[in-house]
Every structure is written in C-alpha cells, then in structure tokens.
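Hi,

Here is the structure I promised to pass on.

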Amino acid sequence: MHFTRHSSYETAEVPVITRGEGAYIYDSHDRRYLDGLSGLFVVQAGHGRKELAEAAAKQAEKLAFFPIWSYAHPGAIDLAERVAGYAPGDLNRVFFTTGGGEAVESAWKLAKNFFKLTGKAGKHKVISRAIAYHGTPHGALSITGLPGLKAPFEPLVPSTFRVPNTNLYRAPEQFQGGPEGPSAADEEAFGLWAADRIAEAIEFEGPETVAAIFLEPVQNAGGCFPPPPGYFQRVREICDEYDVLLVSDEVICAFGRLGHMFGADRYGYQPDIITCAKGLTSGYSPLGAMIATDRLFEPFKSSGETFLHGYTFGGHPVSTAVAMANLDIFEREGLNQNVLDNEGAFRATLEKLLDLPLVGDVRGDGYFFGIEMVKDKATKETFNDAEAERLLRGFLSKALFEAGIYCRADDRGDPVVQLAPPLICDQTHFDEMEQALRGVLKEAENHL
Ligand SMILES: Cc1ncc(COP(=O)(O)O)c(C=O)c1O
C-alpha cells in the first residue's frame with residue numbers, strides 16, 4: 001500500500017472502502033463514514049455521481065485512448081480551453097499530466113527549459129517552503145520540504161532550497177503579539193518577513209541560478225497554513241525583481257477547495273505556472289495539469305524547439321471527458337459559492353473545539369482546515385516523538401474512523417487533524433465532524 005506502515009496491519013484489518021454516496025463512504029461491513037478528507041482532497045463534487053460515471057463510459061466507448069503527442073482529441077482541446085479560461089491572467093497554456101507530482105515535475109522542467117532557451121541557462125534552482133509536500137517523483141520530492149520523507153531516497157535532485165512557511169501559530173516571537181495573540185498588523189508583518197526570506201534565499205544562491213519558487217496557496221503539510229495578508233503580493237514583487245517564476249502548486253487548493261477555481265484568485269496574485277490535479281475530475285478518473293503563461297510558451301511556439309516531456313496517459317480522453325462533466329457540476333450547482341457561503345460556519349463549528357485542552361489551533365480557509373494538538377496550550381508545547389506516535393498512530397486515526405469520520409491525523413509537522421470534506425457539505429456535516437472530534441479528542445487525553 002502507499003505511505004503505509006504495513007506492520008500496523010499484521011493484526012489489524014485493513015479498512016476496505018467499497019462504495020460512496022454524497023459526502024459518505026461505506027466499508028466492506030457496510031458501515032458508513034463521513035468523508036472528511038474528500039478521499040485525499042479529491043472528491044469535490046461528492047461520491048456516487050452517476051453523470052460522471054456516464055461521461056466516462058460514453059467517452060470510453062467512443063475513443064478510449066489516444067495520446068496528445070503531436071495529436072489531439074476533442075476532450076483535451078475543450079478542457080484545455082476551459083481550464084485556461086478559469087485560470088487567472090494569461091495562464092493560457094495547459095499541459096496535461098495524470099496527477100499532481102507529474103504536474104510539479106513538469107513545471108520545474110519547463111522552468112529550466114524556458115530559461116535555457118531565453119539566454120539565462122544558469123537559472124535552474126528551486127526554492128520551496130519548510131514542511132511543504134509537492135509529490136513523490138524525484139524532482140517533486142526534491143522540492144518537498146519534509147526531510148523524513150526524502151531521507152530513504154537521497155541523494156535526490158540537487159539545487160532545491162527551503163525558506164520558512166507561513167505557520168502563524170509558530171511564527172517567530174516578534175509576530176506573536178500580546179496575550180490576545182497576533183494582531184492584523186503582526187500577521188501582515190509576519191507575511192512580509194516570510195516573503196523576504198525568499199528574496200534572501202535568492203540572493204544567497206545568486207539570482208542568475210534561481211529558476212522558480214513553488215508555493216501552495218494554503219500549505220497543506222503542517223496542517224493548513226493560509227498566507228498572511230500581503231504575503232503573495234510581496235512574493236510576486238520579489239519574483240519580478242529577480243526574474244524567478246512563481247509556481248502556485250494548487251494540487252489541493254484548486255477547484256473549489258478554497259471557494260474559487262484557483263487559490264491564486266482567492267488571494268489575488270498572479271502566478272507564472274499553476275500545477276493542479278485531484279479535484280479537476282473529483283477523482284472519477286485521474287488527471288493533472290500544469291498551466292503556464294503565454295510568455296513561457298513563447299520559446300516553443302515558432303522556433304522549432306520542442307518541450308521534450310510527456311506522459312502516455314497525460315490528458316487521457318476518459319479523464320478529460322470526466323473533468324468537463326465535473327466542471328459542469330461546479331457551474332450548475334455553484335459548488336464554489338457553496339464553499340464561500342458556508343466556510344464561516346465550518347470554521348466557527350471547528351473553533352468550538354478550542355475549549356478542549358488538547359486543541360491549540362484551528363486554521364485554514366474554504367473547506368480546508370487543520371486542527372493542531374498541543375501538550376500545553378499556554379506554552380504551545382508540542383508532543384515528543386513517542387507521544388505523537390502514541391497519540392496519532394496509536395489512537396487518533398483509528399478512533400476517528402471508529403467514530404464514523406474518515407480524516408487525516410498527520411505528524412509530518414506538528415501533530416494535526418485535517419479536514420477537507422466534499423464541497424457539497426453543509427452545517428449538518430460540520431456538526432457531525434465536530435461531535436466526533438470532540439468525543440475522540442477528549443478520550444485522547446487518556447492516551448498520552
Ligand atoms: C501540493 C501538492 N503537490 C503535489 C502533490 C502530488 O500529487 P499526486 O499525489 O497526484 O502526484 C500533492 C499531493 O497531495 C500535493 O498536495
């Protein structure tokens with residue numbers, strides 16, 4: 001299995017999920033669970049959508065497969081046009097992959113290739129943030145900021161460097177404010193400070209060697225770090241100053257997760273490349289994409305140059321047909337608006353949990369929240385490795401599932417529980433999550 005400690009299942013039963021319906025999934029014992037993570041930040045439109053299954057079947061019958069290597073098919077053409085239409089500014093060039101890691105990989109390769117063709121051949125390095133996850137191919141894993149995930153596969157691709165993320169809860173002392181916590185001004189100052197670390201890293205490495213910076217709109221690993229106000233605006237200025245490409249890795253944040261088609265729209269910044277996947281098809285078929293600006297396409301347009309990169313299944317006809325039908329659902333049912341209308345209620349419901357001694361922070365935006373657990377709320381002291389192991393692996397993941405909630409207990413950074421339900425969810429689902437979490441987190445105190 002993927003990312004699985006197999007020894008955990010020597011005695012325990014592997015959960016087998018057999019079907020889904022709306023916001024719920026069912027296991028092989030026909031027990032029902034609220035899908036608090038949309039599978040893996042994927043099933044935006046919810047489970048059991050017949051029209052998506054039918055779109056796939058119809059396409060498979062008509063043309064099951066054809067590559068987009070010097071050929072095209074109508075699904076890829078239509079979807080590329082549609083996605084480019086949603087994407088901000090002149091992000092008009094869509095390169096399909098089969099998933100998110102491949103999109104990240106493609107973005108780095110395009111950045112390097114672009115600079116080689118435009119007289120800046122030395123620009124090849126990438127900057128990314130501490131604890132950020134960008135995928136598992138060698139390039140994407142090199143960009144990832146989780147040393148533990150990389151160690152088994154070192155040496156990885158050289159030339160990647162880390163800067164601080166935007167974890168306000170654990171921001172340096174000077175941004176923590178008084179007893180009331182950080183003010184809006186502290187938050188903004190923290191954002192500028194964090195953005196300026198990127199400029200510093202570019203200077204350290206030499207601007208003539210840096211090709212791109214990879215950032216998620218809301219960083220997932222570590223437990224949902226939204227950008228402080230002004231952060232991305234300053235990052236954009238820095239990227240312009242040093243001619244470094246801003247890659248918005250929206251593998252999680254695109255397609256409604258934050259109530260917009262793209263996270264860049266939510267926070268008002270203009271990337272040079274967006275990488276996306278997951279929610280594009282709501283998971284009814286695999287698909288990813290790298291969306292690049294016209295400027296990045298220019299050197300390949302009429303010079304005779306080729307971007308020597310591709311995937312057999314990139315832009316698969318069945319997946320593109322499913323994506324079109326999925327985006328129809330987005331439009332028809334106003335899924336993005338549903339998120340915007342309800343995110344405040346979702347946040348308020350989860351914030352009720354702050355009365356528990358174990359809950360240190362509730363953070364996120366849209367339908368994308370992290371709950372950080374701490375040993376001591378006053379000092380924000382976190383758990384040591386053995387405690388985190390007992391709490392998360394020994395108890396929480398299983399207990400939440402037994403309480404009827406599928407979600408993620410994660411200690412790649414500080415220990416968090418993450419929630420990212422399908423975009424169709426409403427207050428009844430929020431209450432269900434809060435109730436289950438409350439029971440389990442109370443009980444967790446006995447397992448430390
Ligand atoms: C921000 C980000 N980038 C890249 C990836 C990798 O995507 P995939 O698992 O589809 O390769 C992920 C996966 O969760 C992700 O969250």
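**What I found**

Helix 4 (residues 100-117) gives the largest share of the shell around the ligand, three residues. Helices here are DSSP runs of H or I with at least four residues, strands are runs of E with at least two, and both are numbered from the N terminus.

Before going on, a word on the source. This is a predicted model, where local features need pLDDT of at least 70 and side-chain atom pairs count only at pLDDT 80 or more, while totals for chains, interfaces and linings use all residues. Residues are numbered from 1 along each chain as its sequence is written.

Back to the ligand: 13 residues surround it, and the closest are G99, G100, G101, G135 and V251. To count as near, a residue must have its C-beta atom, placed from the backbone, within 6 Å of the molecule. By class, the shell has five nonpolar, six polar and two charged residues. Here Ala, Val, Leu, Ile, Met, Phe, Trp, Tyr, Cys and Pro are nonpolar, Asp, Glu, Lys and Arg are charged, and the others, Gly among them, are polar.

You'll find G135 in the loop between strand 5 (125-129) and helix 5 (138-143). Is G135 buried or exposed? G135 counts as buried because 22 C-beta neighbours lie inside 10 Å; the cut-offs are 20 or more for buried, 12 or fewer for exposed and partly exposed in between, with C-beta atoms placed from the backbone. G135 and G101 are 34 residues apart along the chain, yet their C-alpha atoms are separated by 4.4 Å.

Now the overall layout. The chain has 14 helices and 15 strands, and 50% of its 448 residues are buried. An automatic or database assignment sets the domain bounds, giving domain 1 (6-48 + 334-447) and domain 2 (53-333). Their centres, taken over C-alpha atoms, are 25 Å apart. Across the boundary, 29 residues of domain 1 are in contact with 25 residues of domain 2. On the side of domain 1 that touches domain 2, helix 12 has the largest share, five residues. That side of domain 1 has 13 nonpolar, nine polar and seven charged residues.

Cheers

Definitions and conventions: Contact = placed C-beta atoms within 7 Å.
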